[in-house]
Amino acid sequence: MPQGASSTAAAPAPASQPQPVPDAVPAPEAASAPGAASPTDVAPASASPTEVASASTPSEPVPAGPTAEPEPGAAAGSGSATTAGAGGAKREPGRVLLARVVAGVVGGLALYAAFPSLDWWPAAPLGIALIVAALHGTRPRRAAWLGYLIALVFLLPALAWVRPIGDDVWLMLVATESVFYAVMAALAALVFRLRAWPLWFGGLWVAMEWARSQVPIGGFPWARLAFSQSESLFTQYAALGGAPLVSFAVAGCGALLAYAVVVRPRAEGVWRRAVPVALALAVPALTLALPRPGDEGRTVNIGIVQGNVPGRGMGFLGDEPAVVLKNHANETKRLAQAVRDGKLPKPDAVVLPENSTDLDPYRDPYAREIIQDSVRDVGVPTLIGAVASIGEEYRATRSLVWDPVTGPGAYYDKQHLVPFGEYTPFKEIVLALWERASLVGRQSVPGDKPGDLKLGPVTIGAVNCYEVAYDDTVRGTVRAGGTPLVMQANNATYALSNLPTQQLAMYKLRAVEHNRAVVAAATTGISAYIRPDGKVSWQTRELVADMNVVKVPVRTQETIATKVGALPEWALMLMGAAAAGVAAWRGRRRGDRMRND
């Protein structure tokens, strides 16, 4: 990821969060026949704090005849008097609102704990359960600001890797991304009024992550729920429906756990709690029965080079030009010497990171000479990461195949560029407001072709850094014939933050999703080799020069996820959106009928 790169559009942070005004809630549902209770039933006075937080505010009333009789004990969930609102509706007591906030905050922190670097993957469904408990039974307005608060608690630490660019950029990014969670929470408040709402909630979560991946300015798909599950019981869902299905499975599992808590117990209450818990446990357990693709008997030796950089943070290039280039050329020559000494097997191809040369080899004879010398020494085709000039105004972030005899050849230009890092949206305005934006310099232009490149005996699938988070880019490269996947990255600005570990988690999930080995080369780490089952076989430490030659399986069998593409994602999104529409329509009809009565 290039120097000075901010990963999203600059958006003004909200001035201050207004103090919430308790929402008026409708009268409780009419009593229904045994065994026909809605999942939005209210907790009794003996409910636990979590149940109170999630269930003390009933959903829209279902009229039973001219009037809807309140259920016995429905207003007693708080254990204290409530204030009458407009039309005689009840307001939640302060301690219930506090319980919601606490549950949401703890849920947001649990989500963060599921992501690298902590990597406690079971915390994700537990965090979702707490978040659902905090939102269940609220009106959309209250759910929206609760959702925004939860997102802040989750994203502030999860995206702390942005801070080397500036705390202002970090805060604006988090503030912008949190809006998506607020909208999702408001819609979730509607679908909680329907039966089988854990399914609809999961669909809404997928829709929210899809929207984040699209806007603003190309989207920002980092910190998706699936990326916390790169080595968990949920991981194998990636091979069926990609990252969206993994997110759906985790969100649905957490919602089922919450359902078991917020449902109102009755005579058959044990079953009403046991069944959703059993289903929640079955969701991850089912992946143990899924078939795994087998080995195809073909391998290739690939050298991986991590050259390191002279500086840190925004100044990672140092003060002297060509140091990054020399570091990687020297490490390539060290790999060649280790092969001659019999310490490493002879590679069939070598991979260097994104930006492994800080000079344009097309225009700079010195850079070209250094690269040619190191590639000739190792003696095999080598993938170089370069920033290539296009005319006098533009550039491209390029994966360039360098032959030891003929020099530069085929290339792949990065398709998903980093806003404010590789190009500047709204250039005139941004440059006037932020001096740091001038560090972008010449504007990058995106490529329009997948990264299938012939490198020695194989056709690799080249993917560059930031775009590993985009489903379509990785899938398009695999469909074009790329195997193994080669991930080139420049994480130098974010070294020792939680970005390199999050990126490694994405590599592992992509390996399972597409049944492809992943070879990752980064300037400062983490460089790694990941098997098609998502297991890391070798990796480097950060901020050190290192190299290795790894034996990589070449797989050609496609997973279901690779074949069907975005279809599961669209199906899940439409399911969630349709449920929200039905819930809103029913709520409006009920309101009209009650006014008429």
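User: Where does V270 sit?
Analyst: V270 is in helix α8, residues 269-285. Helices here are DSSP runs of H or I with at least four residues, strands are E runs of at least two, and both are numbered from the N terminus.

User: Is this a real or predicted structure, and how are residues numbered?
Analyst: This is a predicted model, so local features need pLDDT of at least 70 and side-chain atom pairs count only at pLDDT 80 or more, while totals for chains, interfaces and linings use all residues. Residues are numbered from 1 along each chain as its sequence is written, and side-chain values use heavy atoms, with hydrogens and water left out.

User: Okay, back to V270: buried or exposed?
Analyst: V270 is exposed, because its relative accessible area is 64%. Buried means under 20%, exposed over 50%, and partly exposed in between (1.4 Å probe, protein chains only).

User: What does the side chain of T483 reach?
Analyst: The side chain of T483 gets to the backbone oxygen of R555, at 2.7 Å.

User: New topic: how many salt bridges are there?
Analyst: The structure has 18 salt bridges. A salt bridge is a side-chain nitrogen of Lys or Arg within 4 Å of a carboxyl oxygen of Asp or Glu.

User: Which side chain does K535 meet in a salt bridge?
Analyst: K535 meets E231, at 3.6 Å from N to O. That pair links distant parts of the chain, 304 residues apart: K535 is in the loop between β13 (528-530) and β14 (536-539), and E231 is in the loop between α6 and α7 (238-262). K535 is partly exposed at 34% relative accessible area, and E231 is partly exposed at 41%.

User: And what about K333? Which partner?
Analyst: K333 pairs with D377 in a salt bridge, 3.6 Å from N to O. K333 lies in helix α9 (residues 323-340) and D377 in helix α10 (residues 365-378), so the pair ties together parts 44 residues apart in sequence.

User: Is α6 mostly enclosed or open?
Analyst: Of the 18 residues of α6, 13 are buried, so α6 is largely enclosed by the rest of the structure.

Notes:
A polar contact is a pair of N or O atoms within 3.5 Å; within protein, one must be able to donate a hydrogen and the other to accept it, and residues adjacent in sequence count only if both atoms are side-chain atoms.
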